[in-house]
Amino acid sequence: LLAGCGTTEFEAQPVIPPPLITRIPVVVGVYLPAEFRTAVHREEHDGVDYAISIGKAQADGFGRLMDAMFDRVVPVTASGAGAATDPQIRGVLEPVLEEFSFVTPRDTGTSLYAVSLKYRINAYSPDGRLVDSWSFTGYGAQPSGSVPGQGTAALQQAASMAMRDAGTKLAVEFREQAIVRGLIAESPAPAPIEAQPPP
């Protein structure tokens with residue numbers, strides 16, 4: 001937690017456990033744009049200038065989730081670089097932070113600090129054609145009295161919880177979204193086994 005020069009600064013530190021899901025049996029490319037990796041949300045709120053660094057945390061968290069969700073993940077340098085990077089890549093995924101917002105106890109009339117993050121995932125064909133995108137939101141709240149020290153520590157906790165919530169939604173909902181949009185094939189149902197009468 002850093003503070004100085006009239007600006008409250010901190011870096012979100014989410015703890016995203018490995019998701020307990022079945023890996024999707026495809027190879028994907030992942031493109032993390034510079035603006036995603038270095039994102040800093042700046043806002044004047046309640047007479048205080050905030051600078052909340054979220055780029056490193058969200059890039060690390062997204063990378064860990066992708067590694068847990070797919071058979072193999074290949075970093076690529078552009079959304080259209082999939083085919084040239086690895087011929088096995090079935091598609092390229094690009095995360096985009098669409099919105100970061102937070103409220104303080106003065107806004108809510110309670111002791112709560114709350115953070116909301118809205119993300120969009122763009123899916124590209126290996127040659128860079130945008131084939132689909134979908135959005136999801138993460139939310140985190142933390143009472144100021146539950147965190148020792150200044151209120152910004154509670155805001156830092158709320159931001160971390162919001163990233164974790166967004167990561168959970170991505171891990172749980174991605175497979176269904178990809179199947180509905182035809183990006184991956186639905187696994188066939190197991191063939192029924194006919195019961196045999198005892199001899």
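**Values and criteria**

Q: Why are K169 and D165 described as separated by about one helical turn?
A: K169 and D165 lie four residues apart in helix α5 (residues 151-180), and therefore about one turn of the helix lies between them. Helices (H or I, at least four residues) and strands (E, at least two) are DSSP runs, numbered from the N terminus. An α-helix has 3.6 residues a turn, so residues three or four places apart point the same way.

Q: How is this model to be read, and which residues do its totals use?
A: The model is predicted, so that local features need pLDDT of at least 70 and side-chain atom pairs count only at pLDDT 80 or more, whereas totals for chains, interfaces and linings use all residues. Residues are numbered from 1 along each chain as its sequence is written, and side-chain values use heavy atoms, with hydrogens and water left out.

Q: What is the average pLDDT of the protein chain, and where is confidence lowest and highest?
A: On the pLDDT scale, which gives the predictor's confidence in each residue from 0 to 100, the protein chain averages 80, and 75% of the residues score at least 70. Confidence is lowest in strand β1 (residues 2-4), with a mean of 33, and highest in helix α1 (residues 34-37), at 96. Over residues 188-193 pLDDT stays under 50, and the model has zero contacts there beyond four places in sequence, a contact being heavy atoms within 4.5 Å.

Q: What makes K169 and D165 a salt bridge?
A: A salt bridge requires a side-chain nitrogen of Lys or Arg within 4 Å of a carboxyl oxygen of Asp or Glu. The closest N and O atoms of K169 and D165 are 3.6 Å apart, and the pair forms a salt bridge; by this rule the count comes to five salt bridges.

Q: How do you know whether K56 is buried or exposed?
A: Buried means under 20% relative accessible area, exposed over 50%, and partly exposed in between (1.4 Å probe, protein chains only). K56 has 52% relative accessibility and therefore counts as exposed, while D60, at 33%, counts as partly exposed. The side chains of K56 and D60 meet in a salt bridge at 2.9 Å, N to O, and both residues lie in helix α2, four residues apart.

Q: How does the span of helix α2 (residues 55-69) compare with what is expected?
A: The expected span of a helix is 1.5 Å times one less than its number of residues. Helix α2 has 15 residues and reaches 21 Å from its first C-alpha to its last, which is close to the 21 Å expected. Its buried residues include G55, A57, F62 and L65.

Q: Which salt bridge does K118 form, and at what N to O distance?
A: The side chains of K118 and E98 meet in a salt bridge at 3.9 Å, N to O. This pair links distant parts of the chain, with K118 in strand β8 and E98 in strand β7 (residues 89-103), 20 residues apart. K118 counts as partly exposed because its relative accessibility is 33%, and E98 is likewise partly exposed at 35%. Salt bridges also link E98, K118 and R120 in a network.

Q: How many bridges join strand β8 (residues 112-124) to strand β9 (residues 130-143)?
A: Two strands pair if DSSP finds at least two bridges between them. Here 13 bridges join β8 to β9, and the two strands run antiparallel. V115 stands opposite G140 in β9, and the hairpin that β8 and β9 form has five residues between the strands, with G128 in the turn at a positive phi of about 100°.

Q: Why is the ring pair of F100 and F102 called edge-to-face?
A: Rings of Phe, Tyr and Trp (its six-membered ring) pair if their centres lie within 6.5 Å, with planes under 30 degrees apart counted as stacked, over 60 as edge-to-face and the rest as tilted. By this rule the count comes to seven aromatic pairs. The centres of F100 and F102 are 6.5 Å apart and their planes stand at 70°, so the pair is edge-to-face. Both F100 and F102 are buried.

Q: What makes G91 count as buried or exposed?
A: G91 has 12% relative accessibility and therefore counts as buried. G91 is found in strand β7, and leaving aside its neighbours within four places in sequence, G91 is in contact with V27, V28, G29, Y124 and P126.
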